Amino acid sequence: MNNLSSTERSTAPASPLLSVKQLRVDLPVAKGTLHAVRGIDFHVERGEMLCLVGESGCGKSMTSLALMGLLPRKAQVNADCLNFDGVDLLTVPERERSNLRGARMAMIFQEPMTALNPAYTLGNQLCEALRRHQQVSRKAAHDRALYLLKRVGISAAEERMRQYPHQLSGGLRQRVMIAMALMCEPDLIIADEPTTALDVTIQAQILHLLRDLQQEFGTAVIFITHDLGVVARIADRVAVMYAGEVIETASAQALFQAPSHPYTQGLLRCIPTPGKTLPGSRLQAIPGVVPNLVEKVDGCAFCNRCDQAAELCRTTPPLQTVADGHLSRCHFAHQLSNPAQLNAQEVTL
Amino acid sequence: MNSAASSRDPLALELCALSKTFKLGGGMLHKSRTLKAVNDVSLRVPRGQVMGLVGESGCGKSTLAKVLLGLTPPSAGDVLINGKAIVNANQKALARHIQPIFQDPYSSLNPRQRIEQIVGLPLRIHAMGTAKEQAAKVDEMLELVGLPKRAAQQYPGQMSGGQRQRVAIARALIMRPDLVICDEPTSALDVSVQAQILNLLLDLKDEFGLTYLFISHDLAVVEHLADRIAVMYLGRIVEEGTREQIFSAPRHPYTQALLASALTPEPGLGVPDIGLGAGQPDPTQPPSGCAFHPRCPIAQPECAQQAPALSPIAQSAGPGTSQGTSQGTSQGNPTRVACHFA
Amino acid sequence: MAQLLSSPVAATHHPANTWLSRLVHSTFKNRSLAIGLLIITSLGIVALLAPWLAPHDPYLQNTANRMVPPIWHETGSWTHPLGTDRLGRDYLSRLIYGTRISLFIGLVVALISGLIGTTLGVLAGYFGGRVDAVVSYLLTTRLAMPVVLVALAMASLMGGSMLTVTLLLGLLLWDRFAVVARSATQQLRDAEYVQAAQALGCPLPYILLREVLPNIAGALIVVATLEVANAILLEATLSFLGMGVQPPSPSWGLMIAEGKAYMFFQPWVITIPGSALFVLVLAINLLGDGLRDLSAPGGRNE
């Protein structure tokens, strides 16, 4: 798990870093079983920023916890394939899995205060993150921590190393979390709504930093968010989730310019966009509510809220290829993405 | 509800040099610190308009809302609603003119009461009408906010976030107040639900002729809703003007940074480098002079010494009208900026 | 998302993690509620119907019939199923009447102390500042006093009686109510529904009684059950020490005290009231445990 081998691995020819096929997560709840994730497929290439976007309850956080192996034990995880750089995450023993965590996969949480231990200094926690996985001297760990703190834009880093988490503001804590995630130079970072709790100016700074570091270190990032503005600005590729399914995957450019699932289109239409929506005008809201995932969902999960639903939508739509690398789980994906329709979209988008 | 008398005053809400100071800590062994949560805020909200109040956490916007609602007395300054001062006013009388809609629909409804009890509470407290009339009014209000009839018998725990926010709106509007304080009403909601609630707020504003003070950190939402916008930083208003002025020609460097960091869903633009320092200031120890100067990209030595006043700036269209602040006409309200270099 | 995540995250902190053990755990908890409720209800019925259930007058002395052993002894008889005491009074009848004393004192003490503690706690939590400082001072003062010693001293000054014991314990045991009510109210004070009620101009009593109290009631009920058990034990202690309920009242504590001279030769004189005390206190604790599970977040679903 040392630096050498990870660089060697990342230069190995192109199989995706992470591939997920038919991932399912079931959670027992009071009234039955919650099908939080219902068979999703996606992959992450080395060094790319993949955004998982969706609303509350769509299963995006469950997906990330399943990848990290941090789901509660009562949760059932099934998949046809859950492969992280040649390691089968479904069968890997817990001991090896916890070695992977931190060393090759790191996670950044929404609220850094819950992930930082209030009883230890930052320097202590940063060094510990490295020394748990790698045989390095105290001095080397300290130097790396110092370097990374400076790199994430923390002034007076030497002093900060001796401080405790509560002495930092939210923005600084999130910077420390990023530094901690980078300590072992992981191949994959999973960031679960890392900027949602922050102010907009701080959010912009943190995103800027994350994007910079990701390109500098060549780390792949799964960025989980509900904010389409953030997605548009940082993503290489996007997977849109709805009701426990990935309903559309595309490059960021393609997704925002030619969304080919009615839910994605609806999402883009319902946020007020300066210069495109008329101030004070009615927004095009998506009617209805998300289906209850404790009950069985038949056919297209979105059909009860979709203005283009037809009889066909009572059957489960297959994942259709709209363009190269652009997949949509809608029976009418091809019609929705054709140029004639697209012009009509542009007025509102 | 003396709307006939109050409608003569063109201003629904006026704040005159309002301040709210908190003592923090303090005790036998600690020295208490003061937090100037709201610092010398003056603001005029014309009737029927939406005033957007923008700022980051800790800038004092929620404290301002509490003062306006009468939940905490101001330390200094006056609040005038319909031209009348509310300090020492009866809370019940105040409640008929001004009502809140809070951010978190999960904590804004008492989990132990049915929806009809929650929505009907204002009528019961203010003894408006018989029980039958009250029930009819509750039904009417629930329909107006788009909730089904059976919702009246439900408990908040049985509803989704969007439905709960509709209940909160129904409770706020059932007494037909003039002014509604919306404190981040959609930031706890999903975007698809946010659009429904924003539409509802706009519809109800037209229907009841409401005035909103709309507090939010989401600039896209504020731009969509607000007629005028005030930007707050560390307890002070740093810039105030019409939506067009604020969004197309922001004068204060903080407003400029806020606008730059708002991420619109346009791919390919990347994340802007807004060039503010990493440190958020501690509100209990605000920087000297202009509170923004440690983060300001154009700060000069004098900024650390002297706090700039919030003063009207000359309009390119007609500098003569800039004195119009004292006349209280909404058209004549110029942009006000607190910066030495605006 | 927060809502979706909160339950599994909370669950990971649970030590018992397999699906089966959790199931057993929860049924056991529910069963504890059922068992507690069952025992307390039957004891309550016994207390209410004491005059009809008791085979003899509990105060009737019969010196010719002293220290008759209970039925399971070879010399026992059905006339006195649990035997008689040193004055020849029927032990079963005294035990049955003793239920009244224990339950009465337990409930009334919990009521008085609950009223005092909840009032103080809610006011301290809601207003904070000076009110909180005063209540906290009272609370610290109260916690600095050893309950048994103070009760003993006061009872010896005022003369022990059922009324004195009830009042004394009622005035002493409010601390836990105050602590729980205070912290629960502090959390609710800034809840937006409380602010909404304030903004409506709701009168203070309405806010405290209708908005705050129903939402802290769950925690208070749990405290109340524990305090009932506590009061019953303290009453027995004080009566045992001679400063509680006075003879000839059939208090369980007094029965143990009166029997202590015979402890080594006729142990049943002590074990019978002792077991009764044990069963009652256990039942109340089981009930409290079950109620706590019900009122815990997540278990509450309206």
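Start by selecting chain B: of its 342 residues, 54% count as buried (under 20% relative accessible area; exposed is over 50%, partly exposed in between, with a 1.4 Å probe and protein chains only). You're looking at a predicted model, where local features need pLDDT of at least 70, side-chain atom pairs count only at pLDDT 80 or more, and totals for chains, interfaces and linings use all residues. Residues are numbered from 1 along each chain as its sequence is written, chains are lettered from A and ligands numbered from 1 in the order in which they are written, and side-chain values use heavy atoms, leaving out hydrogens and water.

Now hop to chain C and pick Ile45(C), Leu48(C), Leu49(C), Trp52(C) and Leu53(C), a nonpolar patch on the surface. Patch residues have over 30% relative accessible area and no salt bridge, with like charges joined within 9 Å and nonpolar side chains (Val, Leu, Ile, Met, Phe, Trp, Tyr) within 5 Å; a salt bridge puts a side-chain nitrogen of Lys or Arg within 4 Å of a carboxyl oxygen of Asp or Glu. Helices H2 (19–48) and H3 (50–53) of chain C each supply at least two residues of this patch.

Where does Leu49(C) sit? Zoom in on the loop between H2 and H3 of chain C. Leu49(C) counts as partly exposed because its relative accessibility is 38%.

Definitions and conventions. Areas by Shrake-Rupley, 256 points an atom, 1.4 Å probe, with all protein chains shown as cover. Helix = DSSP H or I, 4+ residues; strand = E, 2+ residues; numbered from the N terminus.
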